[in-house]
Amino acid sequence: MTSRTPQPAPTGPAPVAAERGPASRRGTELVVRFNLVIVFLALCVAATFLSPEFLTIRNLSNLLQQSALTGIVAVGMTMVILTAGIDLSVGSVAAFGGMTVALLLDHDMNMMLAITLSLAVGAAFGALMGGLSAYLSLPSFMTTLAGLTAIRGLTYLLTDGEPARAGSSQTFQLIGGGFVGYVPIAGLVFIGIAVLAGLVLRGTTFGEYVYAVGSNKEAARLSGLPVRGVITAVFAISGALSALAGVLLTSRLTIGQPTAFSGLELDAIAAVVLGGTNLFGGRGGVLGTFVAVLLLSVLRNLCNLMGLGSFFQMVVTGLILVIALILNMAIEKRGSRA
C-alpha cells in the first residue's frame, strides 16, 4: 500500500485568468452596448479641437434644433423596423402634415385643432399602409413606396405645388422656432418623444408585443398576440410622428413647403440602423437611434463649421455610416464569442 504525497494547491495565473474571464466579458459587453456613444463622444472631442465654435451655446442649440425633426421621424421608424417592417413614406407624410396645418391655420382654425387634425391625418396614412401590409400580407417596402409617391402627389395637389402661408399666430411660431432659455422647443419635443417611446418599448405590454412580432411573427401569432394590430399601430405612430415633424417645420418657417423633407426616409433609416436596430426586427431601441441622430448631425455640423461643401459632406457621411456599421458588427461578433 503506497502513500500519495499531497499535491500543493495550484497557484499562479490560473485564478487570475479565471477572474479576468468574467471581467473581460463584462468589458466587452459594455463596449458592445455603448460603442455608438463612445464614437459619438470621440467625434465631439475631435470637433472641439477642429473647430473652436463647436462648443459655443449658439452652435449646440442649432445642432439640437437641426436634429429634432429627423430624430422625431427616426423614433417612429425605429418602432416600425423593430417589427421587421420599413416606412418609406415618412418624408411625404411629413410634407403633407406641414401643408395641412398651414392651410388650416390660414383659414383661421384653432391652432390646437389644426395641429391635432394634421397629426390625425398622418396617423391615418400610416395606419392605411400598415394595415395593407398586415392584413393583405403585402411587403411594407412596396406599400410605403406607393405611399411615398401618392402622398407627395396629394401634397402638391393641395396648392398646385405652391407654398402655403401658415397664418400669423405667434404662439404657433414658437412651437418650432422658439427657445426655452438656450434650448430649442423642437429639441425638447424630440427628447420628450424619445423618452416616451423608450418607456413604451421597454416598460409596457405593447412594447413587448413589438419585440415579439419583430423576433418571430408566426410564433407571436400562434401565441395569441394581435400581430396585425401591432403592425398597424406602429405604422400609425410613425405617420403621426412624421406629421409632427412637418408641423414643427411649418412653425419654424411660417409657411408650408410641398417640397419639404425630400429624402428624409433615407436619413431616418440610416439613423435607426446606425443606432443598432436590426433591419430584420426584434432587436434595438430608441436610445441608439437618439445617439445616432445626434452623431450624424454633429458630423454635418462639423463639416459646415470647417467650410466643407455639401457634396463632400454626403461622401463623408456615407463613409462614416459604413465604417460605423462594420465596427458595430465586428464588436458584436467579438462579444458573442467572449
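**Exercise 1. Find where Gly285 lies, and decide whether Gly285 is buried or exposed.**

Solution. Start with the helices, which are DSSP runs of H or I with at least four residues, while strands are runs of E with at least two, both numbered from the N terminus. Gly285 sits in the loop that links helix 11 (264-274) to helix 12 (286-305). Next, take the relative accessible area, where buried means under 20%, exposed over 50%, and partly exposed in between (1.4 Å probe, protein chains only). Gly285 has a value of 12%, so Gly285 is buried.

A word on the model before going on: it is predicted, so local features need pLDDT of at least 70 and side-chain atom pairs count only at pLDDT 80 or more, whereas totals for chains, interfaces and linings use all residues. Residues are numbered from 1 along each chain as its sequence is written, and side-chain values use heavy atoms, with hydrogens and water left out.

**Exercise 2. Work out which residues Gly285 is in contact with, leaving aside its neighbours within four places in sequence.**

Solution. Contact means heavy atoms within 4.5 Å. With those neighbours set aside, Gly285 touches Thr78, Arg202, Tyr211 and Thr277. Under the same exclusion, the contacts of Thr78 are Val272, Thr277, Gly285, Val286 and Thr289. Finally, look for a polar contact (a pair of N or O atoms within 3.5 Å; within protein, one must be able to donate a hydrogen and the other to accept it, and residues adjacent in sequence count only if both atoms are side-chain atoms). The side chains of Thr78 and Thr289 make one at 2.8 Å.

**Exercise 3. Determine how many aromatic pairs there are, and describe the one between Phe96 and Phe125.**

Solution. Rings of Phe, Tyr and Trp (its six-membered ring) pair if their centres lie within 6.5 Å; planes under 30 degrees apart are stacked, over 60 edge-to-face, and the rest tilted. The count is 2 aromatic pairs. Phe96 and Phe125 form an edge-to-face pair, 5.2 Å centre to centre with 85 degrees between the planes. Phe96 lies in helix 3 (residues 90-106) and Phe125 in helix 4, so the pair ties together parts that are 29 residues apart in sequence. Both Phe96 and Phe125 are buried.

**Exercise 4. Characterise the largest cavity: its volume, and which elements line it.**

Solution. On a 1 Å grid over the protein atoms alone, a cavity is a set of points where a 1.4 Å probe fits but cannot get out, and lining residues have an atom within 4 Å of a point. Points are joined across faces, edges and corners, and a volume is the space filled by probe spheres set on the points. The largest cavity has a volume of about 50 Å³. Helix 3, helix 10 and strand 4 (255-256) each supply at least two lining residues. Helix 10 gives the largest share, 4 residues, and the lining includes Gly246, Leu249 and Thr250.

**Exercise 5. State how many helices and strands the protein has, and what share of its residues is buried.**

Solution. Count the elements: there are 13 helices and 4 strands. Then take the buried share, which is 45% of the 338 residues. To finish, among contacts between residues at least 6 apart in sequence, 78% join residues at least 24 apart.

How values were computed:
On a 1 Å grid over the protein atoms alone, a cavity is a set of points where a 1.4 Å probe fits but cannot get out, and a pocket is an open set with protein on both sides within 12 Å along at least five of seven lines; lining residues have an atom within 4 Å of a point.
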